[in-house]
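Visitor: Please take me closely through one part of this model, the sheet and the helices packed around it.

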Amino acid sequence: MDFALSAEQDELAASERAWLTKHDPIARRRKSIDDGPEVIDPATVNHAIESGLLGLMTEEMGGTHVDLAVLVEEHGRAGSALPLAELALTAAELEKLDHPLSAKAVDAASGEDIIAIATASNDGVPFRVDINGSTLNLIGSSAPSVGLFDATGYLVAGQNADGREIIALLTPGQTSVSVRNLETLDLTRTWSTLEFDVTLSAEHWTLVPEGTLARISDALALYRKMDALGAAQKLLDLSVEYAKQRTQFDRPIGSFQAVKHHLADMALMVEASRASLWAGAVALDKSSRERRSAAVSAAAAYAGESTSTVAQTALQVHGGIGFTWEHDLHLLIRRIKVDELLNGSVSWHRRRLISA
């Protein structure tokens with residue numbers, strides 16, 4: 001497949017990178033890292049709103065998954081806590097609904113409401129969905145997700161026992177709806193599950209076409225690994241810079257063949273991961289369900305393993321300083337390791353490819 005980013009997409013990525021470099025999410029997080037869960041920076045939210053990024057995937061903006069992918073990579077590179085992909089997907093999914101809930105897409109796209117996605121995990125036990133006429137009962141908990149802690153609303157996508165798919169909109173003030181924050185390796189974001197035992201009337205939920213959940217699941221899987229790619233690119237940049245500066249036997253360690261091989265392997269894995277994830281993003285935009293799922297799982301399986309290997313190699317290149325709390329290396333490694341496991345682990349995506 002012949003593919004390259006357009007000039008506009010290159011400019012979009014460069015502009016987002018420049019803003020994130022100026023406002024450095026990791027430096028901000030350092031100030032509160034011992035104080036508790038990470039809260040999404042209001043300045044970052046305002047930037048996303050003013051730039052129209054939350055509504056990128058709506059019909060009015062006309063953005064593609066490739067457009068969103070290049071932005072997600074930049075947020076992963078910077079260690080940003082903003083769940084940009086999840087928020088943009090929420091606005092797009094609300095807009096598709098043939099239901100009064102579709103009006104909430106405007107609020108989600110404008111940032112008036114911060115609506116996070118809650119779904120069942122790919123390889124876990126789904127929450128219970130009971131449909132009784134116009135009434136919906138939701139019982140259980142969602143898969144871990146980012147953004148739930150800061151959200152003003154929750155878009156819940158699920159499936160009942162007979163295969164019918166639903167989307168519901170919950171709010172923090174509802175009885176028996178709560179957010180449980182999780183302790184994870186990742187210190188740059190707050191991961192949470194949505195806990196609920198709630199009964200909803202017709203105005204708060206709707207049936208959606210078959211395949212909606214698969215489309216959402218594939219998109220989340222791709223963007224989880226795209227985030228890891230951004231962090232891996234940052235680790236590669238840090239490792240190359242360190243290898244130029246750190247000396248041993250009066251020579252930069254980057255001049256030693258063993259270190260050169262490490263850096264070359266890291267660069268190869270980053271570029272190959274990027275190519276596979278771009279292919280997955282193109283498939284999300286243009287391919288049939290079967291081809292889309294295969295492309296996404298192939299990309300997620302490869303990138304999930306490769307970015308984790310890049311993280312481990314970066315630690316070797318940095319040596320002792322890489323193990324220190326003060327160096328940002330461990331924050332990016334932690335982020336990659338969590339991305340590797342969620343929205344479908346490497347082994348889960350490989351099993352799906354084999355069984356397709």
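Guide: The account below begins with the sheet and then turns to its helices. This is a predicted model, in which local features need pLDDT of at least 70, side-chain atom pairs count only at pLDDT 80 or more, and totals for chains, interfaces and linings use all residues. Residues are numbered from 1 along each chain as its sequence is written, and side-chain values use heavy atoms, with hydrogens and water left out.

Four strands form an open sheet in the order 1-5-6-9, with mixed pairing. Strands (E, at least two residues) and helices (H or I, at least four) are DSSP runs numbered from the N terminus, and two strands pair if DSSP finds at least two bridges between them. Strand 1 (115-119) and strand 9 (205-208) are the edge strands, each pairing on one side only. On average, neighbouring strands are turned by 20 degrees against each other, direction ignored. Strand 6 (residues 165-170) runs antiparallel to strand 9 and is joined to strand 9 by four bridges; Ala-168 has Trp-205 in strand 9 as its bridge partner.

Helix 7 (residues 212-245) lies across strand 1, strand 5, strand 6 and strand 9, at about 65 degrees to strand 6. Axes are lines fitted to C-alpha atoms, for helices over the stretch in contact (heavy atoms within 4.5 Å), and angles run from 0 to 180 degrees between N-to-C directions. Helix 7 also packs with helix 9 (residues 289-318) at an angle of about 25 degrees, their axes 8 Å apart. The two helices, helix 7 and helix 9, are therefore roughly parallel to each other, a term for angles under 35 degrees.

Note on methods:
Angles under 35 degrees count as roughly parallel, over 145 as roughly antiparallel, 65 to 115 as roughly perpendicular and the rest as oblique.
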